[in-house]
Amino acid sequence: QRVDVDVDGSWPPAVAFPLASRIAVLTLAVAALLPTALSAECYSPDKPETVVVRWNGGSLTVGELCAHIQAAIATPRKLATFASYEGMYENVTKQMAVRSILLAEAAKAKLADSPEWKPAMKLLEEQAFAEALKDAEAWNKITVTDDEAVEFLLENTQDIGQKGSFIAPAPAPMIQGRFWARTLKSEPAQAELIKAAIAKYPVKVDDKPLKADSDVVETALTCGDFTLTQADIAALGRLYKRTLPSCSYIQNIPIYNAENLSLGQLARSKGYAGSAAGKAAVAEYRVKLRDDTLAEITRERLLEQWLESYTPPEADIKAYYENEWTGMVDPLLEYDALVVPVRAEPGATEAQRNQARDAAKQKAQMLIEDIGRGKSFAELKAADSDLQIMAGEKRAVREETPLFGAIAQVAEGGVLSEPYEDFGGFCVMKVRSKAPRQKLPLQFVRGAIIGDLKFRYNRSLHNDVNETILQRYRFSKDDNVLSRLGPEKGAGKQ
């Protein structure tokens, strides 16, 4: 599946000469776009046992790194690409370290020994059969000629090496050309395979209500000979910490895929469980899928643990309050009100109600003038039993309201120059005190600030989960060893 370009950057004879008569000029154009070091092999003058990275609890050697890269290049239907060879080696070392860390933590937690893991493994077993089937019948049977691979490159390498380009420098572009040309040819075959599997082995879910601790062993999902009980689905919900109100919510479980169940059953019907090749392929996928799933669940659980144990330092809380918190209290007004009620007879017309309002407003205005001549609320109330006194009232006054502007013109102890409609009438409002708009005191917003800081911390954890894990496990790399990795001219091949 792999065609390497020689270390000096030239096309290997198997590619160059058969195609030279037809696309020699275009081949040279593509070669000019590619970096000089094109081999996808892992070259290094260091010994295979030389350690390239370390972390708490493990290490990775040059030989292990190179073997992993070569296995990844040969993996059917998947191919990771990188902006440079240097980036490829550094990224892969980090990915391998993170995976090792997560699997070690999963083993420590005995995740694979938990009752919840059993139905997960049932799903992964079917997926292993599905993947083996897709490899055998929608990939391995597909052939790609050198012409097709090079033609694909010619159509997609105008900006090779540039950010956002389709073809990256690593691994070797010729490998990528073969891979993508084969992918395009395999898509119809895979679509037909899936269609046939679903037609022959449809998934049926008995959508019954589900409790998280359900131990009901009644079958809830079937696909051919494959079954899951209500208890199985409930266990999957606990494993992934998902709320599953009914059995149909199994679709919210990350490893559940109805298509894979149908494909898995089709693979079994074709004898994949009995043939040596089928057993080997399924076994390989079983291990990979098992480790992938254990690592992913552990990753989420670690992040959850770190978030739950996080308490923002007091200095961070104060700094956030001083520099970032913008929650404000509207100006607070404390006042007394002398109320002139609006008196309208029951069943009054709209005109009569408006007349009553105008009369109350005029009366309130006359009271404001009386206060200006030295009379008090008490004196005015004593002279008119229809008036009401509302003492010691408080209200927040938004800056965009007319009342805010009116208050701004009055000193404490003064009376607003216009009546204010409230309390079922028109008020003569006397200002006792007015507090300016100000930031909410820290003691009232501490909880909200801690919530904001926890949200920020959680986002930082998820922004680059791998880097977070590596930092916590003291990942370190030997830059000298890393710098010698790669298809450099004259380097010794491992």
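**Exercise 1. State which residues line the second largest pocket of this predicted model, and describe that lining.**

Solution. 
1. The lining consists of Leu239, Tyr240, Lys241, Arg242, Pro254, Glu296, Ile297, Glu300, Arg301 and Glu304. A pocket is an open set of points on a 1 Å grid over the protein atoms alone, where a 1.4 Å probe fits, with protein on both sides within 12 Å along at least five of seven lines; lining residues have an atom within 4 Å of a point.
2. Sorted by type, the residues are four nonpolar, no polar and six charged. Here Ala, Val, Leu, Ile, Met, Phe, Trp, Tyr, Cys and Pro are nonpolar, Asp, Glu, Lys and Arg are charged, and the others, Gly among them, are polar.
3. Helix H7 (230–240) and H9 each supply at least two lining residues, and H9 gives the most, with five. Helices are DSSP runs (H or I, at least four residues) numbered from the N terminus.
4. The volume is about 200 Å³, taken as the space filled by probe spheres set on grid points that are joined across faces, edges and corners.

Residues are numbered from 1 along each chain as its sequence is written. The model is predicted, so local features need pLDDT of at least 70 and side-chain atom pairs count only at pLDDT 80 or more, while totals for chains, interfaces and linings use all residues; side-chain values use heavy atoms, without hydrogens and water.

**Exercise 2. Describe the largest pocket in terms of volume, lining and elements.**

Solution. 
1. Its volume is about 1,300 Å³.
2. The lining has 39 residues, and His68, Ala72, Thr75, Lys288 and Asp292 lie nearest the centre.
3. Two or more lining residues come from each of helix H2 (62–73), helix H3 (85–108), helix H4 (117–138) and helix H9 (276–308).
4. H9 gives the most, with 13 residues.
5. By type, the lining divides into 23 nonpolar, seven polar and nine charged residues.
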